[in-house]
Amino acid sequence: MFLIISSFMQVLSQLKFLGKGGYGGYQLLSYVILLIPRNIYGLFPMIALIAVTFVMGRLMMQQELVAIGSIGVGIIDIMAIIFKTMLYIVLLALIVGEGIA
């Protein structure tokens, strides 16, 4: 959803150049499509934070965190698991972002 909004804002910002110097609709759409990897790379931290918050909220609503805690896994251990997972995701995004974007 963030990517759609960002792409739409890019289209709106490029409309003022439409029709000047051979800059047509095809070039506008090409420009916006080519900016998608950069937008994903820029929006990634916010998307990751929202995703982790959503997942933790779902676990809390379904009492999964209570079940995890009852088998002896502490809050620090749960946070370590989340940080390790986020580290892998951030490294993947860094590799893809620096390679593609």
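Of the 101 residues of the chain, 17% count as buried. The structure described here is a predicted model. Its secondary structure consists of five helices and zero strands, and the order of elements along the sequence is α-α-α-α-α. The chain has a radius of gyration of 20 Å, well over the 13 Å given by the globule rule for 101 residues, and is therefore more spread out than a compact globule. The C-alpha trace spans about 65 × 30 × 15 Å along its principal axes.

The accessible surface of the chain amounts to about 7700 Å². Carbon and sulfur atoms contribute 77% of this surface. Among contacts in the chain with a separation of 6 or more, 63% are accounted for by residues 24 or more positions apart.

Helix α1 covers residues 2-14. The helix has 13 residues, and the distance from its first C-alpha to its last is 18 Å, close to the 18 Å expected at 1.5 Å a residue. Its buried residues are Ser6, Ser7, Gln10 and Gln14. Seen down the axis of α1, these buried residues fall within an arc of 100°, so they line one face of the helix. An α-helix has 3.6 residues a turn, so residues three or four places apart point the same way. The cover over the buried residues of α1 includes α2 and α3, the latter formed by residues 36-61.

With neighbours within four places in sequence left aside, Ser6 is in contact with Asn39 and Leu43. The contact with Asn39 includes a polar one, in which the side chains of Ser6 and Asn39 meet at 3.4 Å.

Tyr26 lies in helix α2, which comprises residues 25-34. Its relative accessibility is 67%, and Tyr26 counts as exposed because the cut-off for that class is over 50%. Tyr26 and Ile100 are separated by 74 residues in sequence, and their C-alpha atoms are 22 Å apart in space.

Conventions
Residues numbered from 1 in each chain as written. Predicted model: local features only at pLDDT ≥ 70, side-chain atom pairs only at ≥ 80, totals over all residues. Heavy atoms only, no water. Helix = DSSP H or I, 4+ residues; strand = E, 2+ residues; numbered from the N terminus. Polar contact = N/O pair within 3.5 Å; in protein donor to acceptor, adjacent residues only side chain to side chain. Contact = heavy atoms within 4.5 Å. Rg over C-alpha atoms; globule rule 2.2 N^0.38 Å. Buried < 20%, exposed > 50% of the residue type's maximum accessible area, 1.4 Å probe, protein only. Areas by Shrake-Rupley, 256 points an atom, 1.4 Å probe, with all protein chains shown as cover. Expected span 1.5 Å × (residues − 1). Arc of directions from axis to C-beta.
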